[in-house]
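Have a look at the model before you start.

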Amino acid sequence: MDSQNKNLILATALSFVVILVWFILFPPPEAQPTDPNAPVATAEGVTTPAAPAAPAATPAAPAQATVEAADSNAPRLPIDTPRIEGAISLQGGRIDQLALKDYREENVPGSANVTVLSPVGSENAFYALFGWAAGAGLTPDAVPGPNTLWTVESGTNLTPDNPVTLAWDNGAGQTFRRTISVDQDYMFSVTQSVTNTGASAISLAPYGILARHGEPANAKNFFILHEGTVGMADGELTETSYGNLEDLDFNAREGTRAEVTQVAESGWIGFTDHYWMSTLIPTAGTPFKSVIKYDEARNIFQAEAVQPTQTVAPGQTASADTKLFSGAKEWETIRNYENAGVTKFVDSIDWGWFFFLTKPIFQALHFLHGFIGNMGWSIIALTIVIKAIVFPLAYKSYASMAKMKELQPKMEELKKAAGDDKAKVQQAMMELYKKEKVNPASGCLPILIQIPIFFSLYKVIFVTLELRHAPWLGWITDLSAPDPSSILNLFGLLPYATPSPDSIFAIVSLGILPILLGISMWLQQKLNPAPTDATQAMIFAWMPWVFMFMLGSFASGLVLYWITNNTITFTQQYLIMRSHGYKPDVFGNIKNSFKRKK
């Protein structure tokens, strides 16, 4: 067997092993059954911060508070913008209802809008709380808590043009106000203030809390995707999964499992899902205590931003500003917020270990989509661009392969002359390679380059929102999902439903794109004759079809990239090898593959 066949077998086998180990070590999670007898919570608890008795940089000890399910009679202020709708409960002043107008739960007509925030008492409650932690001169009931009933001082509904102001008087000489505004996208601005008309100074610390009751029901739990808390602290990104939150060390000062980070200049903290995110963002330049915690008794995850304690003299007013992002992880929208001053906000998107590839790949894809207007054609155009960039390496590799074909007769002569002396054969071949200036390993180079590009593009297609429900043509209406067509019903010609994704038969329910992928890989092999060794020939024969079944459940956008890549590679290799005097007998190799072996 010649060297390029050995290299190709090695590279293909390694790729096969990588993907096989991937599926063995990280299988898709099985859905956990719901206990029908499990109690439904009507009142849950969150841990709220407490300020120290004297002014300090940040509050210290925790205090426990119970967040009650919102009273059905408690007034609500509607939230209505071009992109979101929801409500603010005057019980606690919670932002606890939020849905996205531009996104549906399913890619079918009539599907409900995606819900980002939901109130206590609903399944998987998730909401934002703001308040003040009591310090010197105040008792806990003298500051607004999660269940405080606020009154509306101004505004009837929250829109981009109409902020609302809530007020609460504690009856002890302090009046608290909260002004909430929202922009055209997903950013809320919350200004909290307290006016002290009492006889003595008070100390208190402003905070914001995101509380999530239990792990999200629709969590993917897939190793390539981060779901959990995400934060930025003075330029350093931290990501903590829900599983790792449950394993945090007990923090006596916080009264629960917690991790505390002191932020000196700028940062943010919150929760990220596959496509949606909610984060608390104190004003840049304001130090704050960033806290992530897990209350295992109540199964509540929290993210907190606690600002420094303020002392308010009689007759004075103190205020604090916090922003709340709650919406879709759109790259362009998040980049605009970063440009407006939110430190490294684009890093909230899960770019992964290959961020140096995933970021430019997505930016190129986004740029092409701006011209083409269709993500499917943009993926094809991006593949052409990538192949053009690596063409010099590919040219050198394929030229070397053509040269190896020319040397085949000389190599056979060397083998015959050396007989069974393998060391002599290897030495003679190395001298021949050196004399003819041929690198036998160069055939693997394009494959090795494509592996990180393949995984990076897979990450982009899997993680970024812009490909969710993005159509290509005809039956491909969601490039982030597998090809919905199936050979089992002749691609829709027969009136039979296809197996569900969790069915044992789903692996054989191949769509059009996976079949085209297998054919493109098979044709690539036919550029060279089959190996003379029977075992190696069998491996080659089965490899395209094994990959076809393995990649059949991958996102159709990724399969489309791989088909395009294979097609371009086939064309390049054929033309380059012909230009160097070797004419691949594609049709002859195809014909030979169907001949019965004697």
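**Exercise 1.** How many salt bridges does the structure hold?

*Solution.* This is a predicted model, so local features need pLDDT of at least 70, side-chain atom pairs count only at pLDDT 80 or more, and totals for chains, interfaces and linings use all residues. Residues are numbered from 1 along each chain as its sequence is written, and side-chain values use heavy atoms, with hydrogens and water left out. Next, the criterion: a side-chain nitrogen of Lys or Arg within 4 Å of a carboxyl oxygen of Asp or Glu. The count comes to 15 salt bridges.

**Exercise 2.** Which parts does the salt bridge of Arg177 and Glu153 tie together?

*Solution.* Start with the contact: the two side chains, Arg177 and Glu153, meet at 3.0 Å, N to O. Arg177 sits in strand S10 (residues 174–182) and Glu153 in strand S8 (residues 151–154), so the pair links parts 24 residues apart in sequence. Strands are DSSP runs of E, at least two residues, and helices are runs of H or I, at least four, numbered from the N terminus.

**Exercise 3.** Is Arg212 buried or exposed?

*Solution.* Take the cut-offs: buried is under 20% relative accessible area, exposed over 50%, partly exposed in between (1.4 Å probe, protein chains only). Arg212 has 6%, so Arg212 is buried. Its salt-bridge partner is Asp273, with the closest N and O atoms 3.0 Å apart. Asp273 is buried too, at 13%.

**Exercise 4.** Where does Lys359 lie?

*Solution.* Lys359 pairs with Asp347 in a salt bridge (2.7 Å, N to O). Lys359 lies in helix H4 (residues 355–372), and Asp347 in the loop between helix H3 (331–339) and H4.
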